[in-house]
There are 2 protein chains.
Amino acid sequence: MLRPITINPKLDLVLQRDVDVSPELVWDAWTKPEQLKIWFTPRPWTVSHCELDVRPGGRCITTMRSPEGQEFPNVGCYLEVVSQRRLTFTDALLGDYRPTGKGYMTATIEIEPRGGGTRYTATVLHASEADRESHEAMGFAQGWGTALEQLVKMVKGVKF
Amino acid sequence: MLRPITINPKLDLVLQRDVDVSPELVWDAWTKPEQLKIWFTPRPWTVSHCELDVRPGGRCITTMRSPEGQEFPNVGCYLEVVSQRRLTFTDALLGDYRPTGKGYMTATIEIEPRGGGTRYTATVLHASEADRESHEAMGFAQGWGTALEQLVKMVKGVKF
């Protein structure tokens with residue numbers, strides 16, 4: 001049985017959408033580096049480097065590049081890996097669960113079959129209300145929403 | 001197969017000892033709050049409160065009380081739970097993997113049958129060399145060693 005996810009509206013952010021691509025293809029988009037590089041950052045940002053060791057305790061690295069060419073490496077650790085259903089990861093840990101000494105968020109991507117497509121739910125837990133507010137102000141809903149739209153376009157072979 | 005544990009001597013601390021109590025009883029001592037309260041803090045410190053939700057993503061709370069009566073709550077999260085073999089937990093996360101916003105260590109307790117007893121290995125990963133040094137200076141080897149001796153005494157019904 002999957003661990004139930006409980007949110008605290010003061011600390012957490014949720015994006016839920018139904019999309020018309022299959023759970024299998026959404027899972028692949030999240031777990032194959034060559035696919036994630038294509039859709040993960042809302043244009044004109046890009047992903048310049050991506051390594052995904054998709055297992056509990058495995059490291060994920062995603063380096064985002066700004067339109068000006070500045071690079072922002074993000075390193076995290078997978079916590080839950082349930083094939084084609086759920087992926088949980090955090091930036092509070094590195095590979096092999098080593099603490100980073102800080103920690104901004106833990107995200108869970110839930111993928112459920114819905115009609116012929118997928119109900120997609122991204123839940124992001126923060127340490128504090130200030131972190132939730134800063135994430136919201138950085139444009140969480142638009143950013144994660146645009147990334148999901150790019151994921152769907154990639155799967156369908158539509159240019160963006 | 002169990003995840004291999006790799007250490008970095010600059011960042012990590014290890015305590016390994018063979019003890020003459022069974023793996024089953026060492027496991028119970030780590031996972032049952034009423035037992036952990038007895039042995040976990042080297043005397044004259046005590047544990048005044050303990051809650052252990054022993055599952056990946058489950059919260060552990062251990063409140064340590066100084067001889068002067070000051071209380072120090074420690075909250076963490078279980079990452080790996082392999083019955084009678086391995087327990088991994090971190091203070092970088094709270095229950096349900098919520099980040100704490102900081103994170104001092106991730107500890108793995110390995111329990112292996114050896115003769116009639118147990119080979120006990122505690123591996124503690126830190127975020128930085130400074131954190132490893134401070135843990136060493138706080139008396140890691142003596143503290144975790146004394147706690148283990150108390151665990152063995154508790155299992156054998158010897159007073160301490």
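Contact here means heavy atoms within 4.5 Å, and helices (H or I, at least four residues) and strands (E, at least two) are DSSP runs, numbered from the N terminus. This is a predicted model, in which local features need pLDDT of at least 70 and side-chain atom pairs count only at pLDDT 80 or more, while totals for chains, interfaces and linings use all residues; side-chain values use heavy atoms, with hydrogens and water left out. Residues are numbered from 1 along each chain as its sequence is written, and chains are lettered from A and ligands numbered from 1 in the order in which they are written.

In chain A, seven strands form an open sheet with antiparallel pairing, in the order β1-β7-β6-β5-β4-β3-β2, where two strands pair if DSSP finds at least two bridges between them. Strands β1 (12-19) and β2 (46-52) of chain A stand at the edges with a single partner strand each, so one side of each is left without a neighbour in the sheet. Direction ignored, neighbouring strands of this sheet are turned by 20 degrees against each other on average; axes are lines fitted to C-alpha atoms, for helices over the stretch in contact, and angles run from 0 to 180 degrees between N-to-C directions. Within the sheet, β5 (residues 86-90) and β6 (residues 105-114) of chain A pair in the antiparallel sense over five bridges, and F89(A) stands opposite A107(A) in β6(A). Helix α4(A) lies across β1, β6 and β7 (117-126) of chain A and runs at about 30 degrees to β1(A).

## Two helices in contact

Helix α4 (residues 140-156) of chain A also comes together with helix α1 (residues 23-31) of chain A, their axes coming within 10 Å and crossing at roughly 110 degrees. The two helices are therefore roughly perpendicular to each other, a term that covers angles of 65 to 115 degrees. From α1(A), the residues L25(A), V26(A), A29(A) and W30(A) meet L151(A), M154(A) and V155(A) of α4(A). The residues of this contact divide into seven nonpolar, no polar and no charged, where Ala, Val, Leu, Ile, Met, Phe, Trp, Tyr, Cys and Pro count as nonpolar, Asp, Glu, Lys and Arg as charged, and the others, Gly among them, as polar.

## The sheet of chain B

Chain B holds an open sheet of seven strands in the order β1-β7-β6-β5-β4-β3-β2, with antiparallel pairing, and its edge strands are β1 (12-19) and β2 (46-52), each of which pairs on one side only. Strands β6 (residues 105-114) and β7 (residues 117-126) of chain B pair in the antiparallel sense over 10 bridges, and the partner of T106(B) in β7(B) is L125(B). Helix α4 (residues 140-156) of chain B lies across β1, β6 and β7 of chain B, at about 30 degrees to β1(B).

## Where the chains meet

The contact between the chains takes 26 residues from chain A and 26 residues from chain B. About 1900 Å² is buried between chain A and chain B, 59% of it given by carbon and sulfur atoms; buried area is the accessible area (1.4 Å probe) that two parts lose on being put together, summed over both. In chain A, Y97(A), R98(A) and P99(A) lose the most area to chain B, together 33% of what that side buries.

Four salt bridges are counted between chain A and chain B, each a side-chain nitrogen of Lys or Arg within 4 Å of a carboxyl oxygen of Asp or Glu. One of them joins the side chains of R3(B) and D96(A) (3.7 Å, N to O).

Conventions. Parallel < 35°, antiparallel > 145°, perpendicular 65-115°, else oblique.
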